[in-house]
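Subject: Structure handover

Hello,

Here is the structure for your files. My notes on it follow below.

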Amino acid sequence: MKAAIFKNHKIEITEIEKPSLDNKKGAIVKLSGCGLCGSDIVKYRENLVKDGTVLGHEIVGEIVEIDSETNFKIGDRIVSSHHIPCFECVYCQNKNYSMCKHFKETNIFPGGFAEYIYLSEEHLKNVAHLIPNNLTDMEIAFYEPLGCCVRAIKRCELKENSKVIVIGLGSIGFIMAQGLKAFGMDVYGCDLIEDRITLAKNVGIKAFSSNDTQQTVDFIKSETNDLGADAIFMTSGADATIDLALKTVRSGGKILIFASTPKNFGYANNEIYYRELTVLGSYSPSPKDLEDSYNLLKDGKVNVHGISTIFNINDTQKAFDDTISNKVYKAYIKISE
Ligand SMILES: [Zn+2]
Ligand SMILES: [Zn+2]
C-alpha cells in the first residue's frame with residue numbers, strides 16, 4: 001500500500017506492507033484522510049523519529065475488516081485518535097492520562113499518512129466514533145486536536161465568564177478560542193497575521209493584532225479594569241509570547257502552555273512567586289475529552305468549516321513545507337475517495 005514515510009529528513013512516498021488483523025481483535029481502516037498536526041511538524045523538523053516512520057494521527061476512514069466485540073461493522077465511517085490511557089497507574093489516577101506509559105505505547109499502525117491502518121480493539125472501545133452526518137471528513141478530522149484543546153480548557157478550571165486571551169491564532173488557537181467560548185469564557189485572541197485575526201473575528205472571537213506589545217498590554221488592561229486577563233492560553237511557541245503572557249495575565253491568574261518553544265527558556269520564578277501565578281502545561285486528551293470534542297464539532301459549537309487545505313498524499317512533503325512557511329492554515333492529507 002502507499003504511505004508517506006519520514007526518510008533522510010524528508011517525506012518520501014513509497015510502498016509498504018498493508019497491515020492485517022492476523023487473529024488480532026480490532027479493525028483495518030481504509031483511510032480517507034488525515035490532518036497534519038503541529039506535533040508531526042515538530043517531529044519532522046527536529047528529526048525526532050526514525051527513518052521509515054509514518055507520521056499522522058488525525059485520521060478519518062472506513063472499516064474494511066473487523067473482529068471486535070464493539071458494535072462497529074464493515075462499512076462504518078469512523079474517526080479515531082491514537083493513544084489510550086490504562087486508567088489504573090499513578091498518572092491515570094491523578095488524571096495525567098497523557099503521561100501514562102500505556103497511553104504513550106498505544107498507537108495506530110503504521111500511522112495516518114498511509115492507505116490502511118490497524119486500529120486495536122482498545123481504540124474501537126475507547127476513542128473511535130462514527131462520523132456525524134452533518135460534518136465532512138475534513139471537519140471531523142479536528143476531533144483529536146480539539147480534544148487536546150478541551151483537555152487544556154478543563155485543566156485550567158476557570159470560572160464562567162473568565163476573561164481569557166489566546167495568544168496565537170493558528171488552527172489550534174482558532175479551535176481553542178472557540179472551545180473556550182463554548183465553555184462559557186469571554187475570549188480574546190491575538191496574532192501577528194491579519195488573515196488569522198479576520199478568521200477568528202468571523203467566529204465571534206475578540207481578535208486583535210499583537211504587533212505592538214505595549215498596545216496589546218494597554219488594550220487588555222482597558223478591557224479588564226486594569227487587572228489583566230484571568231488566563232492566557234499560549235498556542236504559539238514564539239519567544240515573544242512568554243513575555244506577552246506575563247505582561248497580560250492578572251496577578252493570581254493562570255498561564256496554560258500549549259506549544260513547545262525552540263529553546264528551553266526556563267521559567268519566570270519570581271513572577272510566578274510574587275504574583276501567585278499558576279502555570280500549567282497540557283498535552284494530549286483523555287477519551288472523555290475526545291468525546292466532548294466530538295460533541296462540540298457535531299453540535300456546531302466549534303466551526304472548522306473551510307479552514308483546511310487539501311493535499312493529495314503524493315504531495316505530503318508540500319503539505320509539511322507549506323504549513324511550516326505559514327502558507328496554509330491547516331493541512332489535510334487526502335488519501336482516498
Ligand atoms: Zn494532533
Ligand atoms: Zn495509566
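For the helix pairs below, an axis is a line fitted to the C-alpha atoms of the stretch in contact, and angles run from 0 to 180 degrees between N-to-C directions. Please note that this is a predicted model.

Helix packing

Helix H6 (residues 143-156) packs with helix H7 (residues 171-182) at about 50 degrees, and their axes are 9 Å apart. H6 and H7 are therefore oblique to each other. Their crossing is right-handed. On the H6 side the contact is formed by Pro145, Leu146, Cys149, Val150, Ala152 and Ile153; H7 contributes Ile172, Ile175, Met176, Gly179 and Leu180. Sorted by class, the contact of H6 with H7 holds 10 nonpolar residues, one polar residue and no charged ones.

A second pair is helix H9 (residues 213-223) with helix H10 (residues 240-248), where the angle is about 30 degrees and the axes lie 10 Å apart. Angles under 35 degrees count as roughly parallel, so H9 is roughly parallel to H10. The crossing of H9 and H10 is also right-handed. Thr213, Thr216, Val217 and Ile220 of H9 meet Leu244, Lys247 and Thr248 of H10. The residues in the contact of H9 with H10 are three nonpolar, three polar and one charged.

Overall fold

The protein has 13 helices and 15 strands. Its radius of gyration is 20 Å, close to the 20 Å given by the globule rule for 337 residues, so the protein is as compact as a globular protein of that length. Along the principal axes, the C-alpha atoms fill a box of roughly 65 × 40 × 40 Å. Of the 337 residues, 47% are buried. Among contacts with a separation of 6 or more, 66% are between residues 24 or more positions apart.

Backbone points to check

Most residues other than glycine have a negative phi, and most peptide bonds are trans. Which peptide bond is cis, with omega near 0 degrees? The bond from Phe109 to Pro110 is. Pro110 sits in the loop between helix H3 (101-105) and strand E6 (116-120).

His9 is not a glycine, yet its phi is positive, near 65 degrees. The residue lies in the loop between strand E1 (2-7) and strand E2 (10-15). His9 counts as exposed because it has 9 C-beta neighbours inside 10 Å.

Lys95 also has a positive phi, about 60 degrees, and is located in the loop between helix H2 (90-93) and H3. With 14 C-beta neighbours inside 10 Å, Lys95 counts as partly exposed.

Regards

Terms used:
Residues numbered from 1 in each chain as written. Chains lettered and ligands numbered in written order. Predicted model: local features only at pLDDT ≥ 70, side-chain atom pairs only at ≥ 80, totals over all residues. Helix = DSSP H or I, 4+ residues; strand = E, 2+ residues; numbered from the N terminus. Parallel < 35°, antiparallel > 145°, perpendicular 65-115°, else oblique. Left-handed = near helix turned anticlockwise from the far one by under 90°. Contact = placed C-beta atoms within 7 Å. Nonpolar A, V, L, I, M, F, W, Y, C, P; charged D, E, K, R; others polar. Rg over C-alpha atoms; globule rule 2.2 N^0.38 Å. Buried ≥ 20, exposed ≤ 12 C-beta atoms within 10 Å, placed from the backbone.
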